[in-house]
Amino acid sequence: MRKGLLIILSGPSGVGKGTVRDSFYENPQLNLAYSISMTTRERRPKERDGIDYYFTTRERFEEAISKGELLEWTEFVGNYYGTPLDTVERLRNMGKNVLLEIEVEGAIQVKQKCPDALTIFIVPPSMEELEKRIRGRRTEPEEIVQQRLSKAAREMNLISQYRYVVCNENVNEAADIITAIIKNHM
């Protein structure tokens, strides 16, 4: 059996990564498996443990770091986020194309360990539109919104780290482009 692709999907907070992903993820031709990240942040309304994230304690996350159990990890606004290595390898060895929806810092870590990873960065039509989307969530205080916008500006400067850049002006069009990219690499 052929080992599955490792696909990295990144972009600034609020760009619509999850919405775009949902538009192509169920396509059976792509043979995708979604890698669920582990985090220490609080659950947002409607998020489910083991489906949206593995919600865990800071102590357990730091233990996973020290034991080398994470493919990548980062800390942002006081919370850890990371990808459990064993799950990714198990799925790829089953022939699944594993989709990682991760931050830029994590993507750079993964590229160092897996240089053959397929990297896709989603950009907003404009920074003004990105700010509108982040504020439209109404889930975070102004201080966190400002931190997310500042981080987004830094991340936009790192798009050269990615093989493909896709603009999310229209969700369906962005999903179609990403579908074509994945099919081309299968």
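A crossing of two helices is called right-handed if the near helix is turned clockwise from the far one by less than a right angle, and left-handed if anticlockwise. Keep that handy for the exercises below, which all work on a predicted model.

**Exercise 1. Describe how helix 5 and helix 6 pack, and say which hand the crossing has.**

Step 1: Start with the geometry. Two packed helices are described by the angle between their axes and the distance between the axes. For helix 5 (residues 127–137) and helix 6 (residues 142–156), the angle is about 145° and the axes are 11 Å apart.

Step 2: Get the hand. Helix 5 passes helix 6 in a right-handed crossing.

Step 3: Pick out the residues. Helix 5 contributes Met-127, Leu-130, Glu-131, Ile-134, Arg-135 and Arg-137, while the helix 6 side includes Val-145, Leu-149, Ala-152 and Met-156.

Step 4: Sort them by class. This contact of helix 5 with helix 6 has eight nonpolar, one polar and five charged residues.

**Exercise 2. Is Arg-21 buried or exposed, and what does it touch?**

Step 1: Apply the cut-off. Buried means under 20% relative accessible area, and Arg-21 has 15%, so it counts as buried.

Step 2: List the partners. Skipping residues up to four places away in sequence, Arg-21 touches Leu-9, Tyr-34, Leu-99 and Glu-101. There's also a polar contact of 3.1 Å between the side chains of Arg-21 and Asp-22.

**Exercise 3. Work out where strand 6 lies in its sheet, and why it is largely enclosed.**

Step 1: Read the strand order. The open sheet has four strands in the order 4-3-6-5, with mixed pairing. Its edge strands are strand 4 (54–55) and strand 5.

Step 2: Check the pairing. Strand 6 pairs antiparallel with strand 3 (residues 38–39) over two bridges, and antiparallel with strand 5 (residues 70–76) over six bridges. The parallel part comes from strand 3 and strand 4, with two bridges.

Step 3: Met-38 is bridged to Gly-82, Leu-70 stands opposite Pro-84, and Thr-39 is opposite Phe-55.

Step 4: Look at the two faces. In a regular strand the side chains alternate between the two faces of the sheet. In strand 6, Asn-79, Tyr-81 and Thr-83 are on one side and Tyr-80, Gly-82 and Pro-84 on the other, all buried. Six of the six residues are buried, so strand 6 is largely enclosed by the rest of the structure.

**Exercise 4. Where is Glu-103, and which residues is it in contact with?**

Step 1: Glu-103 is in the loop between strand 7 (97–101) and helix 4 (104–113).

Step 2: Its relative accessible area is 23%, so Glu-103 is partly exposed.

Step 3: Beyond its neighbours within four places in sequence, Glu-103 is in contact with Ser-10, Thr-74, Lys-151, Glu-155 and Tyr-162. Ser-10 is 93 residues away in sequence, yet 5.7 Å away C-alpha to C-alpha.

Methods: Residues numbered from 1 in each chain as written. Predicted model: local features only at pLDDT ≥ 70, side-chain atom pairs only at ≥ 80, totals over all residues. Heavy atoms only, no water. Buried < 20%, exposed > 50% of the residue type's maximum accessible area, 1.4 Å probe, protein only. Contact = heavy atoms within 4.5 Å. Polar contact = N/O pair within 3.5 Å; in protein donor to acceptor, adjacent residues only side chain to side chain. Pairing = 2+ DSSP bridges. Axes fitted to C-alpha atoms, helices over the stretch in contact; angles between N-to-C directions. Nonpolar A, V, L, I, M, F, W, Y, C, P; charged D, E, K, R; others polar.
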